[in-house]
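Biologist: I would like to learn how to read side-chain pairings and chain contacts from a model. Can we go through them one at a time?

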Amino acid sequence: MANLQTNFLGIKSPNPFWLASAPPTDREVNVTRAFKAGWGGVVWKTLGEDPHIVNVNGPRYGAVHSNDRRLIGLNNIELITDRPLEVNLREIKAVKKAWPDRAIVVSLMVPCEEQAWKKILPLVEETGADGIELNFGCPHGMSERGMGAAVGQVPEYVEMVARWCKQNTRMPVIVKLTPNITDVRQPARAAKNGGADAVSLINTINSVMGVDLDIMAPSPHIDGKGTHGGYCGPAVKPIALSMVSEIARDPETKDLPISAIGGITTWRDAAEFMAMGAGTVQVCTAAMTYGFKIVEEMKSGLSDWMDEKGYTSVDQFVGRAVPNVTDWQYLNLNYVVKARIDQESCIKCGRCHIVCEDTSHQAIWAEKDGQRHFEVNDAECVGCNLCVSVCPVEDCITMEHLTDGVDQRTGQKINPDYGNWTTHPNNPMRVAAE
Amino acid sequence: MPSDIRGDRLSPAEVESNFADLHPLLSKHEAYVEADRCYFCHDAPCVTACPTGIDIPLFIRQILTDNPSGSAKTILGANILGGMCARVCPTETLCEQVCVRETAEQKPVRIGELQRYATDHLMAAGVHPFERAAPTGKKVAVVGAGPAGVSCAHRLSMHGHDVTIYEAKSKGGGLNEYGIAAYKAVDEFARRELDFVLSIGGIELKTGMALGRDVSLDALVGDYDAVFLGLGLGATNGLGIAGEQLEGVVDAVDFIEDLRQAPALEKVAVGRRVVVIGGGMTAIDAAVQSKLLGAEEVTLVYRRGADRMNASAYEQSLAKEKGVVLRHWARPEKIEAGSDGKAAAISFMKTREEGGKLVDTGEQYELQADMVLKAIGQAFTPAPLKGANTEIALEGGRIKAGADRRTSHPKIWAGGDAVAGGEDLTVAAVEDGKQAALSIHAALTGA
């Protein structure tokens, strides 16, 4: 069986599945339950200065559901821990002592003043925790007080605080980035410049989950008013994956270790983030949706997949997909595909036809010999993948790569050679081929 | 009317189509759609309802996350005969009955079919999912290669013990091989599953070896470190009425066994008019299969009401769907011979319940029947246990065993139908075998 052990900045854990800093990691009783359930590590819910923060007494969560009430996206207006610092520190110490083989990283958020950081760091160090994560991500509440996303959105602040921490503790420093920014590479580079050992991302995304049309207020609402919260869960995974890939392939940060966060719900999500460069993954919404036991599926799935692929340790596939992320201009323009509909598995719903007809290239016929029958017209198909995306049946529509002959749509011979926009004759800024 | 019992009532093609898989394997798409309905409940009711305690939410989620082999391992770790149980378990009265989707929509997640999807996937890969622990040097004898015995042997082997199974019949599998309706276990599934289970190694299967005839309990107790008895039920109950000895009156168990072992199903002899007596799964299996073989009229008669039948509502509706007539509240009184001296008719006394007791109404009726199938229960045969030096306590005519499946003899464990309180379910027998193995392992290693 594959070895799931990870070593992230020297922080060892029996598997790459950590619980992200959030309500599930707010107290000893939860973290102990999580470790019993098999989680490899936790990032303890963000500690702050005393007097401890005050959370709302109304709804803290909002959700996006599918029609059968599967939770697709969640948002929250939680703040950092609302328990006294001393209580958290005592519990962290106790848990670390009881579970020495599990990773315990402590999330921190104090005002942007060196003194505040200098004060809290030794207290955390004293617990025996393995590292710290600087929470530069929370988009609500704390950002209004000049912390969280308010810091994460200013690369100079990110660099400054990272440096203070590196100078004032021996613990590894992970900087948790906000996605509420235009170019996530900027704060990532800043974190690296400040000496941070790693970054973790993404924190939650600004969101309003819905509007209650009876009371004309955002939902959820507290006494008739609502506010934006942090969006997370399966729905945010693509955004997180993109941001992770940007940092993993940026020449300036490509060697910066990443702990990935954002909609990780199954072993496959985890494997994808790891292939995209993450050394560990942090999970929250999946646990908040199904309970801690969900980690069993993740561990067995990852392990079985590694066995199947012949990977014996996670290092063997971490980052393997990164070289295949590129810019649009380098995509092979000579690569031609056409949609193919498997008539055996087609249930004849007609959705491929109507989306192609109404919104794409009118490349799917709906009838043959007077019968309902869906087939691709190669002379019109641009290979866009929309039909595959909307087809309700797995693998019913696939894309066939044409390797010779003529593309009936363009009338051009299939060119087996790679050719991209940088050298394309239509590109006024093309570079001469060598 | 002369008796008319014969084979070839239907063409081979008709019989083949009649006996096709009751629930064909789910396609990947169907499995995904169905798996997506599982809520991954906390302390899931389905798990509690499964005698073997399979982690059902986990295995379904593993299907959903495209890990059918991992899913199968979850299933087989709790129930090594999970493939057969997926086919024959009365899921409608076990896991699926308590599914929260049943509460929400009167439509449970099809747990049995998902279980089959996963286990078939793994078995098709042909790799045994478990490894044996280091050899312990201990030897255990298992009597009976039915679900209880095979489950016990497998778990013992996993723990590093060497196992010898003694089986009286010429093939292993027990009920799964001989007693299950053919359309529930097509393609020799019972044999393939047995091969799969034994492929873990460390288990020797000796067939044609009956306890009390070819090997004695004394000898087993002397030669092995522990003994597990998974004998099953060796005898069938009789009707105790006139005409029972007539030609054409058959034990349903024998009929089903002949059918399962027949090289060509269409050759199996069945009456033109068949009457089945009983209300359990065996009665339903015999009745339905008679119909599928081409019997013109098949009537199942049970002495009490539909709600008291051991066969589930699903099984009863399946029988009706296949054209079996179910009649309730009547007990057989006499089987009459025709001019050819063979069974020709059976007369019934109508019954009703009075203060919980079954009483006759005085009203009678008669059904034409050239074949009468008796399915009124099976009995344990304690004779093979008789040994000069071994003594095992019985209870209600079956072996007495504790929660750890240990009998009154310190070296002997027992499980399955041979044990008092047995549920006559494959899945319950598998659990017995597993629990006995764990108890034996603890006793042998002091663990």
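Biologist: Which side chain meets Glu257(B) in a salt bridge?

Modeller: First, note that this is a predicted model. As a general idea, side chains of opposite charge can pair when their charged atoms come close. Here the side chain of Glu257(B) meets that of Lys169(B), with 3.0 Å from N to O. Glu257(B) belongs to helix 13 (residues 252–261) of chain B and Lys169(B) to the loop between strand 3 (162–167) and helix 10 (175–178), so the pair ties together parts that are 88 residues apart in sequence. Lys169(B) is partly exposed, at 33% relative accessibility.

Biologist: How many salt bridges are there over all chains?

Modeller: The count is 60. Another case is Asp251(B) with Lys374(B), whose closest N and O atoms are 3.9 Å apart. Since Asp251(B) is in strand 7 (residues 249–251) of chain B and Lys374(B) in strand 15 (residues 371–374) of chain B, this pair ties together parts 123 residues apart in sequence. Asp251(B) counts as buried at 15% relative accessibility, and Lys374(B) is buried as well, at 12%. Glu188(B) and Arg191(B) also form a salt bridge, at 2.9 Å between the closest N and O atoms; Arg191(B) is partly exposed, at 35% relative accessibility.

Biologist: How many salt bridges lie between chain A and chain B?

Modeller: The count between the two chains is five. For example, Arg268(A) and Asp66(B) meet through their side chains at 3.0 Å, N to O. There is also a network of salt bridges that links Asp68(A) with Glu34(B), Arg37(B), Arg101(B), Glu105(B), Arg110(B) and Glu113(B).

Biologist: What area is buried between chain A and chain B?

Modeller: About 1500 Å², with 44% of that given by carbon and sulfur atoms. On the chain A side, Arg70(A), Lys293(A) and Glu394(A) lose the most area to chain B, together 32% of what that side buries. In terms of contacts, 18 residues of chain A touch 19 residues of chain B.

Biologist: How many aromatic pairs does the structure hold over all chains?

Modeller: A pair of aromatic rings is described by the distance of the centres and the angle of the planes. The structure holds ten such pairs over all chains. Take Phe8(A) and Trp18(A): the ring centres are 5.8 Å apart and the planes are at 85°, so the pair is edge-to-face. Phe8(A) sits in strand 1 (residues 6–8) of chain A and Trp18(A) in strand 3 (residues 17–19) of chain A, so the pair ties together parts ten residues apart in sequence. Phe8(A) is buried, at 3% relative accessible area, and Trp18(A) is buried at 0%.

Biologist: Which ring of chain B pairs with Tyr290(A)?

Modeller: Phe40(B) does, in an edge-to-face pair with 5.7 Å centre to centre and 85° between the planes. This pair crosses between chains, from helix 9 (residues 285–290) of chain A to the loop between helix 2 (28–35) and helix 3 (45–49) of chain B. Tyr290(A) is buried, with a relative accessible area of 17%, and Phe40(B) counts as buried at 7%. Arg61(B) lies over the face of Tyr290(A), 4.2 Å from the ring centre.

Biologist: Which residues do ring pairs link into a cluster?

Modeller: Trp267(A), Trp305(A), Tyr311(A) and Phe317(A).

Definitions and conventions
Residues numbered from 1 in each chain as written. Chains lettered and ligands numbered in written order. Predicted model: local features only at pLDDT ≥ 70, side-chain atom pairs only at ≥ 80, totals over all residues. Heavy atoms only, no water. Phe/Tyr/Trp six-rings, centres within 6.5 Å; stacked < 30°, edge-to-face > 60°. Helix = DSSP H or I, 4+ residues; strand = E, 2+ residues; numbered from the N terminus. Buried < 20%, exposed > 50% of the residue type's maximum accessible area, 1.4 Å probe, protein only. Lys NZ or Arg CZ within 6 Å of the ring centre and 35° of its normal. Contact = heavy atoms within 4.5 Å. Buried area = accessible area lost by both parts, 1.4 Å probe. Salt bridge = Lys/Arg side-chain N within 4 Å of Asp/Glu carboxyl O.
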